[in-house]
Amino acid sequence: MGTKLERISQLSKENPEMVFTSIGHLINKDLLKECHAKMDADKAVGIDGVTKEEYGRNLEKNLDNMVERLKKKSYKPKPARRVEIPKDNGKTRPLSIYCYEDKLIQEALRRILEAVFEPHFYNEMMGFRPN
């Protein structure tokens, strides 16, 4: 999947005015498998209670099912669990904890959008960028 994203990044860099009208088809089994491999197993479980290990036991079947639901546009994200995290100043900040499948799809989208937009950022721009 890396080569497709590298190609998109190259096209975006070479053609700054280019409009990417469809990126949904890039979320496929290979990309989701890469996202699963990179996922942190120590993260909190979502409201569905599924961990990386549990999801990985039937990874091929789970990913086939998810890709099919994405293609049919029948995939529905589950509600996030909201947790208040204490801050140093005594206040709290909200944190949403998503179910495992939602995390996989979010990571896949992040990778695709990063390939499209990263070439347009200046090195001086810092917020939430790679490295």
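For sorting residues on this tour, Ala, Val, Leu, Ile, Met, Phe, Trp, Tyr, Cys and Pro count as nonpolar, Asp, Glu, Lys and Arg as charged, and the others, Gly among them, as polar. The model is predicted, so local features need pLDDT of at least 70 and side-chain atom pairs pLDDT 80 or more, while totals for chains, interfaces and linings use all residues. Residues are numbered from 1 along each chain as its sequence is written, and side-chain values use heavy atoms, without hydrogens and water.

**Whole chain.** Start with the cartoon: five helices and two strands, in the order α-α-α-α-β-β-α. These are DSSP runs numbered from the N terminus (helices H or I, at least four residues; strands E, at least two). Of the 131 residues, 26% count as buried; that means under 20% relative accessible area, with exposed over 50% and partly exposed in between (1.4 Å probe, protein chains only).

**Largest pocket.** Next, select Met-39, Asp-40, Lys-43, Ser-96 and Lys-103, the closest to the pocket's centre among its 15 lining residues. The space here is about 380 Å³. On a 1 Å grid over the protein atoms alone, a pocket is an open set of points where a 1.4 Å probe fits, with protein on both sides within 12 Å along at least five of seven lines; lining residues have an atom within 4 Å of a point. Points are joined across faces, edges and corners, and the volume is the space filled by probe spheres set on them. Colour the lining by type to find seven nonpolar, one polar and seven charged residues. Helix H2 (29-38), strand E2 (92-97) and helix H5 (100-117) each supply at least two, and E2 gives the largest share, four.

**Salt bridges.** Now show side chains. There are nine salt bridges, each a side-chain nitrogen of Lys or Arg within 4 Å of a carboxyl oxygen of Asp or Glu. Pick Glu-60 and Lys-33, which meet at 2.6 Å, N to O. This pair links helix H4 to helix H2, 27 residues apart.

**Last stop.** Which residue has a positive phi although it is not a glycine? Select Lys-73, with phi of about 60°, in the loop between helix H4 (59-71) and strand E1 (81-86). Lys-73 counts as exposed, at 72% relative accessibility.
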